[in-house]
Amino acid sequence: MSETTGASYAAAGVDIEAGDRAVELMKEWVKKTRRPEVEGLGGLGGFAGLFDASALKRYERPLLASATDGVGTKVDLARKTGVYDTIGRDLVGMVVDDLVVCGAEPLFMTDYICVGKVYPERVAAIVKGIAEGCVLAGCTLVGGETAEHPGLLGPDDFDVAGAGTGVVEADRLLGPDRIRKGDVVIAMASSGLHSNGYSLVRHVFFDRAGWALDREVQEFGRSLGEELLEPTRIYSLDCLALTRTTEVHGFSHVTGGGLANNLARVVPDHLHAQVDRSTWTPGAVFDLVGSLGRVERLELEKTLNMGVGMIAVVPAESVDVALTTLADRGVDSWVAGEIVERGEHTSGAELVGDYAA
């Protein structure tokens, strides 16, 4: 470019028109997420998303809960496969299922999509997934931001993040103070890897085993790429259904750190959660990561969810109703353990025994 030519945003790599086109393409998906509290309060494209807080008047003492997250290096698999309309469901799941752990109903979300170059159809596909996730979670996507960062990211590179807000009645707030000795640990099956541990997963399948994403894997009944891009299961409405049908003392969202570490976060200091591995069989993907990478079991368990995406802790008399409620909602669940006195135990939770064959 000649030094006498004036600089411009477009010449620097930012395409405003492409961004506007992306907004137009995503509008139809965002509309599908609208709750009554946002009707008539403006649409996508404003400077801020609006939510009618008068809806909270029905609460005696409403507590707002907030959470933010991303999906880690799973975005690299979306980029490599060219499949962009599922990664948004992962994002929503990571946020809303953190909210519901304290008993909060997710109300609304915002997203942030950072790209090296705006390809409108790609951005719209990502937002489509986010919108579909919001529908599954019962919350509204009130807005977001798409940022183009040429020079910092390659043209095909991108990342996503999101933040959500929920509400819970103060006297229904869930936490360690509700957990009691004799409570039962109910496990809810994950849909697969969800969105954690992908740095290890990618290292094992690609760097060590040399597998390609289009490789058909007999154990999966589909390609490696399809298995790895399986969206995170969203449990928020299932958990809220439990709180309406029976007594619940706590939830734990099984994300980074694995089952034991996340369950320990909701167990009080004087108690201990003992989870029996023999109550379930982890899916094939967990076994393959372990065998192909020669990853020790404890390393797998502190990195991956091992087939359990959410935990509910309920009193013994609530177990039957809880399992029936989850079954009616299509959630595979089972009794996986119990809450006992801490005693000689030094941690809040542990896995014991061997997985079922």
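Me: How many helices and strands does the protein have?
Reply: Helices and strands are both present in this predicted model. The count is eleven helices and twelve strands.

Me: What percentage of the residues count as buried?
Reply: Buried means under 20% relative accessible area. The protein has 357 residues. The share that counts as buried is 52%.

Me: Among contacts between residues at least 6 apart in sequence, what share joins residues at least 24 apart?
Reply: Take the contacts between residues at least 6 apart in sequence. Those that join residues at least 24 apart make up 84%.

Me: Which residues touch the most other members of the largest nonpolar core?
Reply: That core holds 94 residues. Another core, of five residues, lies apart from it, with Leu56, Tyr59, Leu107 and Val167 among them. In the largest core, the residues that touch the most other members are Met188, Phe205, Leu228, Phe251 and Leu263.

Me: What does phenylalanine 205 touch, not counting residues up to four places away in sequence?
Reply: Phe205 belongs to the largest nonpolar core. With residues up to four places away set aside, its partners are Gly210, Trp211, Phe220, Leu224, Leu228, Val285, Leu288, Val289 and Leu292.

Me: How are α3 and α4 oriented to each other?
Reply: Helix α3 spans residues 87–99 and helix α4 spans residues 120–137. Their axes lie 6 Å apart, at an angle of about 40°. Angles under 35 degrees would count as roughly parallel. The two helices are therefore oblique.

Me: How do the residues of the contact of α3 with α4 divide by class?
Reply: On the α3 side are Ile87, Gly88, Arg89, Leu91, Val92 and Val96. They meet α4 residues including Ile126, Ile130, Glu132 and Cys134. The division is nine nonpolar, three polar and two charged.

Me: Which residues of α7 are buried?
Reply: Helix α7 covers residues 236–245 and is mostly covered. Seven of its ten residues are buried. They are Ser236, Asp238, Cys239, Leu240, Ala241, Leu242 and Thr243.

Me: What is the handedness of the crossing where α7 passes α11?
Reply: α7 packs with helix α11, residues 319–328, with axes 10 Å apart and an angle of about 140°. That angle makes the pair oblique. The crossing is right-handed.

Me: Which residues of α11 meet α7?
Reply: From α7 come Asp238, Ala241, Leu242 and Thr245. By class, the contact has five nonpolar, two polar and one charged residues. The α11 residues are Val321, Ala322, Thr325 and Leu326.

Me: What separates the C-alpha atoms of leucine 326 and leucine 242?
Reply: Leucine 326 sits in helix α11. It counts as buried because its relative accessibility is 0%. Its contacts beyond four places in sequence include Ile186, Met188 and Leu242. Leucine 242 is 84 residues away along the chain, yet the C-alpha separation is 7.6 Å.

Me: Is histidine 194 buried or exposed?
Reply: Histidine 194 lies in the loop between β5 and α5. Its phi is near 60°, positive in a residue other than glycine. Its relative accessibility is 1%, so histidine 194 is buried.

Me: Is arginine 294 buried or exposed?
Reply: Arginine 294 lies in the loop between α9 and α10. Its phi is near 50°, again a positive value in a residue other than glycine. Its relative accessibility is 73%, so arginine 294 is exposed.

Technical notes:
Residues numbered from 1 in each chain as written. Predicted model: local features only at pLDDT ≥ 70, side-chain atom pairs only at ≥ 80, totals over all residues. Heavy atoms only, no water. Core = buried A, V, L, I, M, F, W, Y, C linked by side-chain atoms within 4.5 Å. Buried < 20%, exposed > 50% of the residue type's maximum accessible area, 1.4 Å probe, protein only. Contact = heavy atoms within 4.5 Å. Axes fitted to C-alpha atoms, helices over the stretch in contact; angles between N-to-C directions. Helix = DSSP H or I, 4+ residues; strand = E, 2+ residues; numbered from the N terminus. Parallel < 35°, antiparallel > 145°, perpendicular 65-115°, else oblique. Nonpolar A, V, L, I, M, F, W, Y, C, P; charged D, E, K, R; others polar. Left-handed = near helix turned anticlockwise from the far one by under 90°.
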